[in-house]
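Work through the two exercises below with the model open. Each task is followed by its solution in steps.

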Amino acid sequence: MVIVNKKTTELTETEKIQICDCFGKVFEKHSKSLVDFNNQFLNTCLGYSLHTMLKNEEGEVVGLYAVIPFDYIYKGEKRLFCIGVDFMIRKDYRNDFKNVLGICKESMKYAKENGISCIFAFPNDLSHQLNTRILRMKDVGKLYTYILPYRVGDAKPGLKALNVCSMVLSWLMLGISRLDGRSRVSEPLIHRDRKTFDQIRYKWFNPEDYRFYKDERMSCSWKTADFEGIKAVFLMDVYPMNSRNFNKAVQTMFASEKGNVGLFLYVGNLPFVPISMIKIPLKYAPKNFNFVAQVLDKAVVDIVDIFDMNNWEVNLSSYDLL
């Protein structure tokens, strides 16, 4: 077994195809085409991502960990952060713990060598232990889910009789939210460099699924997707973030999609109490959105800052978590 590090631009077509094939074998009922692969890993602030591959004796890719770089502004300085994705090893190679540990250690080393200051991830509950125990990441926290339940029966058929009530409540919330004049902009200590982020982020996955709105004060994005088997509209991002702009984004998204979908969601950590959506307590959330991180360069990034959720600009646009 051998571990090989390569940038996306250094991968051969054969290696890319083998990675996509490995993805389909490891993540059952999911697939990744070559087009999807290139869209995801080439559309970055550097023009490439970093891949740590596990290859067998025949030179076939049987495992991988990839990191996607982002330009972040931290304490007024531009820093390279990255998100770790697609950790995978084929079942027939998981028995040797050295394979797992080798990929993890080598990928962290490779990322640091390429100027990455901090790596973060959003593992599901099954992968959470792997990220914290093997990759040595630590919990930053859990993202909250906010909801506008326009037709609550779309979430559970048994609640369909309450649709009229939820529709009245939703119209009331949206109406009152139009009176919300809170305009103080929230710019966390750790936030994205918008010059590069807006150029690249929405070229990932299925770019045609994203919807956008922009006026002289704000911009926002959303998409419709299945969530735990339920169709819903997700507000991906709002910029600049304040209560007034958030409400305007929800109103705009709702006006565009209410004829087709009855549930509207936002996943993140808002620094204010929204009027247009209801914050779901974590214990009642339909899914855990775990947020973990590891500092790779302690000379430029303070650990205390990284592990305070309130310091981060983070939501579904950080990475599609649906």
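Predicted model: local features only at pLDDT ≥ 70, side-chain atom pairs only at ≥ 80, totals over all residues.

Residues are numbered from 1 along each chain as its sequence is written, and side-chain values use heavy atoms, with hydrogens and water left out.

**Exercise 1.** Determine whether Lys32 is buried or exposed, and find the polar contacts of its side chain.

Step 1. Lys32 lies in the loop between α1 (13–26) and α2 (34–42); helices are DSSP runs of H or I with at least four residues, numbered from the N terminus.

Step 2. The relative accessible area of Lys32 is 11%, so Lys32 is buried (under 20%; exposed is over 50%, partly exposed in between, with a 1.4 Å probe and protein chains only).

Step 3. The side chain of Lys32 makes a polar contact of 2.8 Å with that of Gln40 and one of 2.4 Å with that of Asp86. A polar contact is a pair of N or O atoms within 3.5 Å, one able to donate a hydrogen and the other to accept it within protein; residues adjacent in sequence count only if both atoms are side-chain atoms.

**Exercise 2.** Describe how α5 and α7 cross.

Step 1. The axes of α5 (residues 163–177) and α7 (residues 243–257) come within 10 Å and cross at roughly 135 degrees. Axes are lines fitted to C-alpha atoms over the stretch in contact, with angles from 0 to 180 degrees between N-to-C directions.

Step 2. That angle makes α5 oblique to α7 (angles under 35 degrees are roughly parallel, over 145 roughly antiparallel, 65 to 115 roughly perpendicular, the rest oblique).

Step 3. Trp171, Leu174 and Ser177 in α5 meet Asn247, Val250, Gln251 and Phe254 in α7, contact being heavy atoms within 4.5 Å.

Key
Helix = DSSP H or I, 4+ residues; strand = E, 2+ residues; numbered from the N terminus.
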